[in-house]
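Here are some comments for a colleague who is opening this structure for the first time.

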Amino acid sequence: MQHGTRSDYEYLTAAFEEHARGALVDNLVNMLTLLQGPTLGYQCDRFSHSLQSGTRAFRNGESVDMVVGALLHDVADSFAPENHSDAAAALLAPYVDDEVHWVVKHHGLFQGYYYFHHHDGDRHARDRYADSPYFDRCVDFCAEYDQNCFDPNYPVMALEEFRPMLDEVFSRPSRVPGVAPLDG
Ligand SMILES: [Fe+2]
Ligand SMILES: [Fe+2]
């Protein structure tokens with residue numbers, strides 16, 4: 001790379017933009033479908049859980065950012081099971097608003113309210129973020145779009161119905177500076 005010229009990098013930038021946008025939503029959709037199958041002891045798999053989350057957010061009249069955030073909040077579960085909240089937030093960061101990014105990033109810890117005490121942990125661990133302007137939003141997200149989204153009988157929207165919202169969000173200019181082109 002040290003021998004690259006300006007014109008080389010202009011060429012690479014164009015190639016990167018094509019790469020970054022061309023199949024992004026398809027790839028995210030494929031990642032969601034990786035969650036099909038194992039229920040991990042719950043009453044539905046993580047794919048159905050994700051559709052329930054997105055559907056409930058949509059039917060509550062949430063913003064497109066929040067609906068997409070809900071749909072994708074567990075999208076990293078198949079390849080980052082130990083820090084899936086951080087991984088999903090990183091995927092969303094360039095495209096969604098600060099609130100949705102924060103909520104997705106912290107949803108795993110906030111979900112602990114429902115079960116950490118059953119592992120002799122602190123169900124109130126999330127209170128360390130009580131000063132955040134997004135604290136209440138994350139509490140509500142877990143209550144309305146996460147802990148309750150394992151109902152095998154809930155009528156979910158089809159994945160294709162989310163496609164226009166995914167296309168809208170992921171076609172936005174990146175909010176994260178310095179990631180393009182190929183700078184690391
Ligand atoms: Fe999660
Ligand atoms: Fe979840």
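1. Please bear in mind throughout that this is a predicted model. The residues of α5 that are buried are His84, Ser85, Ala87, Ala88, Ala89 and Leu92.

2. Two of these partners, α4 and α8, also pack with each other, at an angle of about 110 degrees and with their axes 10 Å apart. Because angles of 65 to 115 degrees count as roughly perpendicular, that is how α4 lies relative to α8. On the α4 side the contact is made by Val64, Val67, Val68, Leu71 and Leu72, while α8 contributes Met165, Leu166, Glu168, Val169 and Phe170. By class, the residues of this contact comprise nine nonpolar and one charged, with no polar residue.

3. The metal site deserves a separate look. The iron ion (ligand 2) is coordinated by His49 and His73, each through NE2, and by Asp74 and Asp146, each through OD, at 2.1 to 2.2 Å. The arrangement of the four donor atoms is irregular, because the angles they subtend run from 82 to 173 degrees.

4. The iron ion (ligand 2) lies 3.5 Å from the iron ion (ligand 1), and Asp74 coordinates both. In sequence, the donor residues of the iron ion (ligand 2) follow the spacing H-x23-H-D-x71-D.

Technical notes. Residues are numbered from 1 along each chain as its sequence is written. Chains are lettered from A and ligands numbered from 1 in the order in which they are written. This is a predicted model: local features need pLDDT of at least 70, side-chain atom pairs count only at pLDDT 80 or more; totals for chains, interfaces and linings use all residues. Side-chain values use heavy atoms; hydrogens and water are left out. Donors are N, O and S atoms within 2.8 Å of the metal (3.2 Å for Na, K and Ca); water is not among the atoms, so sites may look incomplete. Four donors count as tetrahedral if all angles lie between 85 and 135 degrees; four count as square planar and six as octahedral if opposite donors are over 155 degrees apart and all others between 65 and 115; anything else is irregular. Buried means under 20% relative accessible area, exposed over 50%, partly exposed in between (1.4 Å probe, protein chains only). Helices (H or I, at least four residues) and strands (E, at least two) are DSSP runs, numbered from the N terminus. Axes are lines fitted to C-alpha atoms, for helices over the stretch in contact, and angles run from 0 to 180 degrees between N-to-C directions. Angles under 35 degrees count as roughly parallel, over 145 as roughly antiparallel, 65 to 115 as roughly perpendicular and the rest as oblique. Contact means heavy atoms within 4.5 Å. Ala, Val, Leu, Ile, Met, Phe, Trp, Tyr, Cys and Pro count as nonpolar, Asp, Glu, Lys and Arg as charged, and the others, Gly among them, as polar.
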